[in-house]
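Me: I'm new to this one. Can you walk me through it step by step?

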Amino acid sequence: MFTHAIARMPGSNFAEGITTANLGKPDFSRMNRQHQAYIQALRSLGLEVTVLDAEPNYPDAYFVEDVAVVTPQVAIITNPGAQARKGEEDSIEPVLARYRPTVHIRNPGTIDGGDVLMIGTHFFIGVSERTNPDGATQLGRILERYGYTFTMVPVAAGLHLKSSVNFIGEGTLLVGEGFAERDEFNSYEKIVVPQAEAYAANTLWINGHLIMPAGFPETKRRLAATGLPIIELDVSEAQKMDGGLTCMSLRF
Ligand code: CIR
């Protein structure tokens, strides 16, 4: 059960964040409405949500998932892989320190939380453009001290591991086509997201519910087979900035 979430308001300069998406310029008021609906959905599932103020110097800082990895025993503060995002982690630490002891990933290791998938006591850590092998190994060693195990997974496509692979309960992963046959995920049941709907792999599993991006009917149909209630949210503006549902909160 998740009981808490931390999110951050997007700033009025959020369109200056990093993006590779070619989906047009995002709109601030639409972003705010979508972000409000997101917070509301988390609250409707019983989470106590702390919403931090925007960080004017960091237009991507509302993607709070990337700056920490929170386990029941410890919060690991990351060292973000993108130059423009280095320093975002400083203001999350005092917030997480209210709930957990904190430890840090240090240079030359880099890691974005979007590459870290926690499933019970096992972690998959994506090695991507943002997370390097040193950062992944540092995180893995910290997790081992707390009794967790980990596997490193090369991420050749998509920004982060969780852009393409997410846990949806009952031993099941929601996976993009490129990850469906990967050995690392052998022991899980899988629901495969068709390539044309690849963005929908970034679906959130919270307290027996799924929150998925709106506009992906085939993925919705496949997810309906789980029997879990599905909440659809329009996250078009975050998508324009290469982000989505998992990225906009830390859940614990
Ligand atoms: C970035 O490129 O860092 C942001 N514009 C998007 C981060 C998305 N975060 C995530 O997938 N965890």
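Predicted model: local features only at pLDDT ≥ 70, side-chain atom pairs only at ≥ 80, totals over all residues.

Me: In which sense do strand 7 and strand 8 pair, parallel or antiparallel?
Reply: Six bridges link these two strands. Along the pairing, I125 sits opposite M152 of strand 8. The sense of the pairing is parallel.

Me: Is N202 buried or exposed?
Reply: N202 belongs to the loop between strand 11 (189–193) and strand 12 (204–206). Residues it touches include K162, P213 and L245. Its relative accessible area is 6%, and the cut-off for buried is under 20%, so N202 counts as buried.

Me: Which side chain makes a polar contact with the side chain of N202?
Reply: Among the residues that N202 touches are G244, T246 and C247. One of them has a side chain in polar contact with that of N202, at 2.8 Å, and that residue is T246.

Me: How much of the ligand's accessible area does the protein cover?
Reply: There are 14 residues around the ligand, with R85 and M241 among the closest. A backbone N or O atom of I18 is 2.6 Å from a ligand nitrogen, and a polar side-chain atom of D66 is 2.8 Å from a ligand nitrogen. In the side chain of H160, an N or O atom lies 2.9 Å from a ligand oxygen. Of the 350 Å² that the ligand has on its own, the protein covers 99%.

Technical notes: Residues numbered from 1 in each chain as written. Heavy atoms only, no water. Pairing = 2+ DSSP bridges. Helix = DSSP H or I, 4+ residues; strand = E, 2+ residues; numbered from the N terminus. Buried < 20%, exposed > 50% of the residue type's maximum accessible area, 1.4 Å probe, protein only. Polar contact = N/O pair within 3.5 Å; in protein donor to acceptor, adjacent residues only side chain to side chain. Contact = heavy atoms within 4.5 Å. Near = heavy atom within 4 Å. Areas by Shrake-Rupley, 256 points an atom, 1.4 Å probe, with all protein chains shown as cover. Lists of a residue's contacts leave out its neighbours within four places in sequence.
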